[in-house]
Amino acid sequence: MSNIFENINTICFTGPRPAKLYGYTKKEEYQKIVNQLKEIIRGFAKFGIKNYITGGAQGFDQLAFWAVNSLKKEYDIQNIVYIPFQGQEHLWKKTGMFGQKDYQKMLALADQVVNVSEARNLDMTKEKAEIDAMLVRNEMMVDNSQMVIGFFPFSKDYKKEKGGTASCLRYADGKIHVCQIDPKTFEIQMVYCKGGEIS
């Protein structure tokens, strides 16, 4: 297993929005997710995995960012945010959990912020451009990583389900390692991919 991790320097994250988690008020429940993520990330950081990419979206993305951020004092790691486009937070509440204020604080603390729509020269004037940019953001995170950590139930098949998390995991499947976390039990399931072949 250690040989597999030796070839990994970047991990990205994918998971649901607050509506599919605990909404916008249950801080204690969200802290449990952050604490579990910290233990998982700590394990990877001990192997020397340095770069961690999140997508900046409300919900799991931001929880993963804060988990990585809290470990920066312990490990030499980089907290990177790939935003789909400038102003993705324009419809969010100004304050409160996952609000604009927290988002701006997150971007200010990030070691690097990548604007995917600019990096990929996306035409943001097109219809559904913002939705498309979010999908391209997920793909770009996977393209620049060797493993994805996905917060997705074992009881569902991401190859068949709808939604951004399932789409991201499908895109990653067969390309990079997948570390799937079950949201209810926090159990981990690894699918290793070596040279395009899953073992």
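Where does Asn121 lie? Asn121 lies in the loop between α5 (116-119) and α6 (129-143). The model is predicted: local features need pLDDT of at least 70, side-chain atom pairs count only at pLDDT 80 or more, and totals for chains, interfaces and linings use all residues. Residues are numbered from 1 along each chain as its sequence is written, and side-chain values use heavy atoms, with hydrogens and water left out.

**View 1. Asn121 in the loop between α5 and α6.** Helices (H or I, at least four residues) and strands (E, at least two) are DSSP runs, numbered from the N terminus. Most residues other than glycine have a negative phi. Asn121 is not a glycine, yet its phi is positive, about 50 degrees. The residue Asn121 is exposed, at a relative accessible area of 68%. Buried means under 20% relative accessible area, exposed over 50%, and partly exposed in between (1.4 Å probe, protein chains only).

**View 2. Lys128 in the loop between α5 and α6.** Lys128 also has a positive phi, of about 60 degrees, although it is not a glycine. With 59% relative accessibility, Lys128 counts as exposed.

**View 3. Ile83 in strand β3.** The strand covers residues 78-83. Ile83 counts as buried because its relative accessibility is 2%. Leaving aside neighbours within four places in sequence, Ile83 is in contact (heavy atoms within 4.5 Å) with several residues, including Gly55, Tyr103, Leu107, Val113 and Arg137.

**View 4. Ile83 and Lys38.** These two residues are 45 residues apart along the chain, and their C-alpha atoms are separated by 22 Å.
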